Protein chains: 4
Amino acid sequence: MVVYERVVRFQEVDAAGLLYFPRFLSFAHEAMEELFAPLGEGGYVGLIRDRRVGLPAVHLETDFRAPVRYGDRIRVETAVERIGTRSLTLRHRFVRARDGVTAAVVRHTVVSTDLSTLKSCEMPADVRRVAEAHQEPV
Amino acid sequence: MVVYERVVRFQEVDAAGLLYFPRFLSFAHEAMEELFAPLGEGGYVGLIRDRRVGLPAVHLETDFRAPVRYGDRIRVETAVERIGTRSLTLRHRFVRARDGVTAAVVRHTVVSTDLSTLKSCEMPADVRRVAEAHQEPV
Amino acid sequence: MVVYERVVRFQEVDAAGLLYFPRFLSFAHEAMEELFAPLGEGGYVGLIRDRRVGLPAVHLETDFRAPVRYGDRIRVETAVERIGTRSLTLRHRFVRARDGVTAAVVRHTVVSTDLSTLKSCEMPADVRRVAEAHQEPV
Amino acid sequence: MVVYERVVRFQEVDAAGLLYFPRFLSFAHEAMEELFAPLGEGGYVGLIRDRRVGLPAVHLETDFRAPVRYGDRIRVETAVERIGTRSLTLRHRFVRARDGVTAAVVRHTVVSTDLSTLKSCEMPADVRRVAEAHQEPV
């Protein structure tokens, strides 16, 4: 499990005064980048920018359980639930740091993709190794 | 069904060159605003801003099926799948206008919420009427 | 002059309840895309995506004069103030449609840039022609 | 001077592959939040959310000098250039951490504003004190 933590920004709330729901998925992506930061050759940034392999989402399931507001500190706890040959499923739990309440749970399946052809490809060995290091039973 | 259509903007792609996946959910929210635009008292904007009732997401399920790039025109076809006393489920189909390919499908459940207390509330009668007008069997 | 008009979206306001000020610049960029949409070979999208020439900003001056809220319709009036060999300056006036108040004025200088080398380049002839068609004395 | 530093995110670049220029202003706002974080009663978040005083931008001048890409670490150095009775001017210098190049310079004038009436108001004494602690000659 990796823990990614940051505060909800001024511009991340919506006209209802709550964290705009698609931005939960931005937090999820940032947490995934954190998880894969230890990759060699420039980490996740190098994977995308230089090696041209990406991990686009193919499936998402999200439960939103409690509202989040401007200034709330969010702790995202991210683990790998399942690893296939070309895909993997991450599980993110969003915890409101001020009271420990679970604000959201996200299941997030991504597919290893050649960014030049936009076709799926075998997961690079180092991506798999990092994923395995964070694999946890459901 | 309502149809909401717009082009993917310059700033909506990510470093992989694809529509950033949380932004599909922004399109979904915009389509929901379109669906509820006929509400009296200022439409969806008035519902949020003046009547202080919101429709925050409580559950999302999304399948991403085809990549979307800068400049692609997306047609979101939005229908109401289910109406409860306090919640309703929308179904959004994202079609790439240039080739008719289904790029994503989103199921999106929202709960009628009093924005002052952040508690769920009965769905206002006019919200229900507009939702019913767009109800379609799965 | 081109006129680009759209409504401020649910997610474009900030925790103060106003259009988040960097998003005025997004409106400005969208208005510039509108101005250059008549370019051949796929319009502004083709310029960026296929011809790999961009118009990144090198200078901005902005006066914010009146607040803008969720649901406000904004009319951006965009003209070209000056055309050089590699750069041009756009002037955007933001008008709140509900009362005709000028909400902001932006001067926006961009440089014709080869996106492969990130060096400035001579402005393509068709870009210049479209710019000239919208040139207006200050 | 305060120093605010973070990496450019996956979703912050545009279709040209560069940090989308309005997002420089988001970095500037985040740096201002950092500067005012020491305010009592909940810092900048409390100022906006509980005390209902904001610091909306009224004037911006920005020079963009060097491109910034996904994964670049940006150091924003923020000082206060001028303090009036109701307004103050911040100066932000954006430095690319990998090579020390100045990527942008922003002058950013904000006005102390009562968020209930949207009228300017005298700058709260604690806001002024924090600003004075970071005042630097040009």
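**Symmetry, core and helix packing**

User: What rotation superposes chain C on chain B?

Analyst: A rotation of 180° with 0.0 Å of shift along its axis does so, at an RMSD of 0.0 Å, where the superposition is by least squares on the C-alpha atoms of residues with pLDDT of at least 70 in both copies. The two copies are therefore related as by a two-fold rotation axis. In chain C, R6(C) has the C-alpha nearest that axis, at 5.9 Å. This is a predicted model, in which local features need pLDDT of at least 70 and side-chain atom pairs count only at pLDDT 80 or more, while totals for chains, interfaces and linings use all residues. Residues are numbered from 1 along each chain as its sequence is written.

User: Which residues touch the most other members of the largest nonpolar core?

Analyst: F36(A), F36(B), F36(C) and F36(D) do, in a core of 187 residues; such a core is a set of buried (under 20% relative accessible area, 1.4 Å probe, protein chains only) Ala, Val, Leu, Ile, Met, Phe, Trp, Tyr and Cys residues joined through side-chain atoms within 4.5 Å.

User: And what is F36(A) in contact with, leaving aside its neighbours within four places in sequence?

Analyst: Its partners are G43(A), Y44(A), L55(A), L88(A), V127(A), V130(A) and A131(A), contact meaning heavy atoms within 4.5 Å.

User: Switching to helices, how many residues of α1(C) are buried?

Analyst: α1(C) is mostly covered, with 14 of its 15 residues buried.

User: At what angle do α1 of chain A and α1 of chain B pack?

Analyst: They pack at about 175°, with their axes 8 Å apart, which makes α1(A) roughly antiparallel to α1(B) (an angle over 145 degrees).

Note on methods
Chains lettered and ligands numbered in written order. Heavy atoms only, no water. Buried < 20%, exposed > 50% of the residue type's maximum accessible area, 1.4 Å probe, protein only. Helix = DSSP H or I, 4+ residues; strand = E, 2+ residues; numbered from the N terminus. Axes fitted to C-alpha atoms, helices over the stretch in contact; angles between N-to-C directions. Parallel < 35°, antiparallel > 145°, perpendicular 65-115°, else oblique.
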